[in-house]
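Hi,

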Amino acid sequence: MDAERLIAARARGVDASAIRRVFNLARTLKDPINLSIGQPDFPVPEPIRAAAKLAIDEGHNGYTVTQGIERLRARIAAHLNADLGWTIGEGADEPALLVTSGTSGALTLAAMALLDPGDEIVFGDPYFPLYPAMGVFNGAKPVMVDTHPDFRLTRARVSLALTDRTKAVLLNTPGNPTGAVASHDDCKGLLDLCRERGVLLISDEIYDEFTFEEGRTERSPGGAMRMPSPARQPGSWRNMLLVRGFGKTYGVTGWRLGYAAGPRAIIEQMAKIQQFTFVNAPSVAQWGCAAALDVDMAPMVAEFQARRDLVLASLRDVTEIEVPHGAFYAYPHVPPGMTGQSFAEACLARNVLLLPGAAFSGRDEHVRISFAAPRDRLAAGLEVLRELFTGS
Ligand code: PMP
């Protein structure tokens, strides 16, 4: 059998080589300073671990209902109410909620529910690598809007990219790989534009808790200082799909848990597809994370902000670097004459692992530094990077 002949265009159409090349090279290193990882390095808070263990012992090991267990749904609903003023409910005039297998699960279901062959989905470049795949997997066209050099997805930039085939605009704030946090005006402008054009705004807010002081410019109905979001606009849920997750915030990326909230007609289609594919988000993760939203992660976020400051202190005077206001990534420009790939390879030769811009962008002019690494490792890695940036 010629297995290659059998492979579908949707699989061929996605290229993961930039990341794979780095990880293949990394396997040859003994104890690399790993600044490539997209997950927190802190231990999972005890109440979350305890709730998951208890769930196993109490026999919550079978299927759950597709939409997610009631305890978790109620906790998410209360959180969205305090944070955004949204009232999740069963009524026709209320936003609906679906618990999903990771944030990726929510985004994948949304793409399957929305995109037909020939449709278009619009997002900023640089982007999280799943975004182009969301289009390609469904025969739809990923339309990338250049956001260099400030990495802002603005109404003005997006409006030029909309056509009558556009189904959705995808915002990621705080952003991977740049750490950029959308401003109030950017969020409002995008939601207004999507409303006017009758397309869905999808807001991937997986890093929402990892917003640093400068990014926390809005007061939630519950009184907390939070990042701007299109979901803070009155009645926003009618025109947007909010996607958030538990993996990054609580250090449980392997548990695969996220959720989507928004218009009932879309959530119901996503739930139907989930029923036949993922079936339900992992049961034990759902029980564990029902305890998560009561855990205060502020000390962890403060630690990440301090690490962000370390990155800036080391690199700001030697390269062009936007100040990340959230997530745990910095995205500096590489020196003239180098590509992201060649710079990442030079780092590898010095035992430091990071990802080239090619993994996140049509341009390969940057590298992504993850500062989700212990301070001593981060400091050692930054020393090497600084030398490479200054050519010493
Ligand atoms: N969106 C963004 C912007 C991400 O960075 C990631 C994970 N790196 C995801 C979605 C997927 O997260 P999850 O592990 O919850 O599927």
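Tyr207 and Phe328 are both buried, meaning under 20% relative accessible area, with over 50% exposed and partly exposed in between (1.4 Å probe, protein chains only). This is a predicted model: local features need pLDDT of at least 70, side-chain atom pairs count only at pLDDT 80 or more, and totals for chains, interfaces and linings use all residues. Residues are numbered from 1 along each chain as its sequence is written, and side-chain values use heavy atoms, with hydrogens and water left out.

Aromatic rings

There are 15 aromatic pairs. Rings of Phe, Tyr and Trp (its six-membered ring) pair if their centres lie within 6.5 Å; planes under 30 degrees apart are stacked, over 60 edge-to-face, the rest tilted. Arg307 sits over the face of Phe304, 4.8 Å from the ring centre (the rule: NZ of Lys or CZ of Arg within 6 Å of the centre and within 35 degrees of the ring normal).

Cysteines

The disulfide count is zero, where a disulfide is a pair of cysteine sulfur atoms within 2.5 Å. Cys194 is in none; the nearest cysteine sulfur, that of Cys187, is 11 Å away. Cys194 counts as buried because its relative accessibility is 0%. Cys289 is buried as well, at 0% relative accessibility.

Best wishes
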